[in-house]
Amino acid sequence: MARIAAGVGSSHVPNIGPAYDSGKFEEPDWKPLFDGYKPVKKWLQDEIKPHVIVFVYNDHGSDFALDRVPTFAIGVRDEYEQADEGFGRRPIPTVKGHADLSWFLAKELIYNEFDITVCQEMKVDHGLMVPLPLLFSHEPDWNIKVVPLVVNVIQHPLPTARRCFRLGQAIRKAVEAYPEDLRVAIAGTGGMSHQLHGERFGHLNTAFDERWLDLIESDPLQLAALNHREIMAAAGAEAVELIMWLVMRGAMAEKVRRVHRNYYAPMTTGMGLIALADA
Amino acid sequence: MREPKQGKVSDWGIPGTYVFDGTRSRIGYELNKLCYSLTDPKNRKLYRQDEEAYLAKYKLTKQQLDAVRRRDWLALTKHCGGNIYYVYKLGATVGAGLYHMGAQMRGQSYENFLKTRAAQGAR
């Protein structure tokens, strides 16, 4: 039977994409970010060897619009093209999906009373495309398959932090019911502290971010008890997307072991990274 | 969960912050729809060729039209119901990067905004 093999929390800041594509890995202001991912990529490749990753992120009005806003949506495709966010597409191979696992998870989640929207057409934006190449290889092609799970963190009312954690728990149960011995990683992405609109554009809260990194490992229920306003007031309006890390954490065991942690806040967003395994 | 104060637009009581909830999404629906259309590169080209013709295809209010024409990013997110991720595509279309938009929203020059950052080479 399949099992959850690893959990990763990661920012998905859009301007990492062009920096990656231009090869800015050794530039002094970028190096602390890119170096942070190397041990996690190596750990995933050498020790965990996942077959699939459930990738929890949000679309940023690149593919999904505001006409119909699913609270939770799952892609069920064999592959996913990049959405064009206004700058064209990155020179990275098309993301590979795992349609069988996607459909299975959709069924298990809905029967477990999580009303998830099933997407046979879907494109992926920077929320997925920024972290994925930092964690997995794509030369000559991807060494991972992806089940994309999109969370509405754009138009309030958003799902609660607690709901996200419980979705993670339901995903773990669903994965464990899958009748094939797959190693399944899970990523929760977004954040960390930042605000991108209003006079408070550029707001950062490093103390909040470091505390989030502490608690996502040791006491996620404290984070699951936060309401959106508390997160936004402390960490910035757009930082509310951190609730997606709780989907990842809910899918891990109650006790986890931290494999790696990194934090760097050069510009407008706290760029965090955490890698966890069941203890 | 604490409820925001209700009125024409909500007030979540966070300074310099205009939470994108139903009260703002309703106001900004046509504006955000216009912005979403700019994810198609053909539309970005059309917009740059004739902005007024493009704007006429959507039902924007006078206030929204004025804010778009003036490239007033703060007004677009504060008063016009624009969600920043959608408005950002308009910025991309007319050559305004996110950090330029942000500096303006803060009321700073781009250079002064960059001085407030820890490592401005990471952009």
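In chain B, 35% of the 123 residues are buried. This is a predicted model, so please keep that in mind throughout. Chain B has nine helices and zero strands, and read from the N terminus its elements go α-α-α-α-α-α-α-α-α. Along the principal axes, the C-alpha atoms of chain B fill a box of roughly 45 × 40 × 20 Å. Of the contacts in chain B with a separation of 6 or more, 49% are between residues 24 or more positions apart.

Next, where chain B meets chain A. The contact involves 37 residues from chain A and 43 residues from chain B. On the side of chain A that touches chain B, the largest share comes from helix H9, residues 228–235, with three residues. Sorted by class, that side of chain A has 16 nonpolar, 14 polar and seven charged residues.

Now the sheet in chain A. It is an open sheet of eight strands with mixed pairing, and the order is S6-S3-S7-S2-S8-S1-S10-S9. Which strands stand at the edges? They are S6, residues 117–119, and S9, residues 256–264, of chain A; each has a single partner strand, so one side of each is left without a neighbour in the sheet. On average, and ignoring direction, neighbouring strands of this sheet are turned by 20 degrees against each other.

Let me take strand S7 of chain A, residues 145–151. Seven of its seven residues are buried, so S7(A) is largely enclosed by the rest of the structure. A:Lys145, A:Val147, A:Leu149 and A:Val151 point one way from S7(A), while A:Val146, A:Pro148 and A:Val150 point the other way, and all are buried. Note that a lysine, A:Lys145, is among those buried residues.

As for the partners of S7(A), strand S2 of chain A, residues 52–57, runs parallel to S7(A) and is joined to it by six bridges. Within that pairing, A:Ile53 is opposite A:Val146. Strand S3 of chain A, residues 72–75, runs antiparallel to S7(A), with three bridges between them. There, A:Phe72 has A:Val151 as its bridge partner.

Strand S8 of chain A is mostly covered, with six of its seven residues buried. S8(A) pairs with S1(A) in the parallel sense over seven bridges, and in S8(A) the residue opposite A:Gly9 is A:Gly188. S8(A) also pairs with S2(A), again in the parallel sense, over five bridges. A:Ile53 turns up again here, standing opposite A:Ala185 in S8(A).

Going over to the S9 end, S9(A) and strand S10 of chain A, residues 271–278, form an antiparallel pair over eight bridges. A:Tyr264 has A:Met271 of S10(A) as its bridge partner.

What lies across these strands? Helix H2 of chain A, residues 31–48, lies across S1, S8, S9 and S10 of chain A, and runs at about 155 degrees to S9(A). Helix H3 of chain A, residues 99–111, also packs on the sheet, where it touches S2, S3, S6 and S7 of chain A. The direction of H3(A) makes about 150 degrees with that of S3(A).

H3(A) has a helix partner too. Two packed helices are described by the angle between their axes and the distance between the axes. For H3(A) and helix H6 of chain A, residues 161–176, the angle is about 125 degrees and the axes are 9 Å apart. H3(A) and H6(A) are therefore oblique to each other, and the crossing is right-handed. The residues making this contact are A:Leu105, A:Glu108 and A:Leu109 from H3(A), and A:Ala170, A:Ile171 and A:Ala174 from H6(A). By class, that gives five nonpolar, no polar and one charged residues.

Is A:Leu204 buried or exposed? A:Leu204 has 22 other C-beta atoms within 10 Å; the cut-off for buried is 20 or more, so A:Leu204 counts as buried. Leaving out residues up to four places away in sequence, A:Leu204 touches A:Ser193, A:His194, A:Ala265 and A:Gly270. A:Val52 is 152 residues from A:Leu204 along the chain, and their C-alpha atoms are separated by 33 Å.

That is where I will stop.

Technical notes:
Residues numbered from 1 in each chain as written. Chains lettered and ligands numbered in written order. Predicted model: local features only at pLDDT ≥ 70, side-chain atom pairs only at ≥ 80, totals over all residues. Contact = placed C-beta atoms within 7 Å. Helix = DSSP H or I, 4+ residues; strand = E, 2+ residues; numbered from the N terminus. Nonpolar A, V, L, I, M, F, W, Y, C, P; charged D, E, K, R; others polar. Buried ≥ 20, exposed ≤ 12 C-beta atoms within 10 Å, placed from the backbone. Pairing = 2+ DSSP bridges. Axes fitted to C-alpha atoms, helices over the stretch in contact; angles between N-to-C directions. Parallel < 35°, antiparallel > 145°, perpendicular 65-115°, else oblique. Left-handed = near helix turned anticlockwise from the far one by under 90°.
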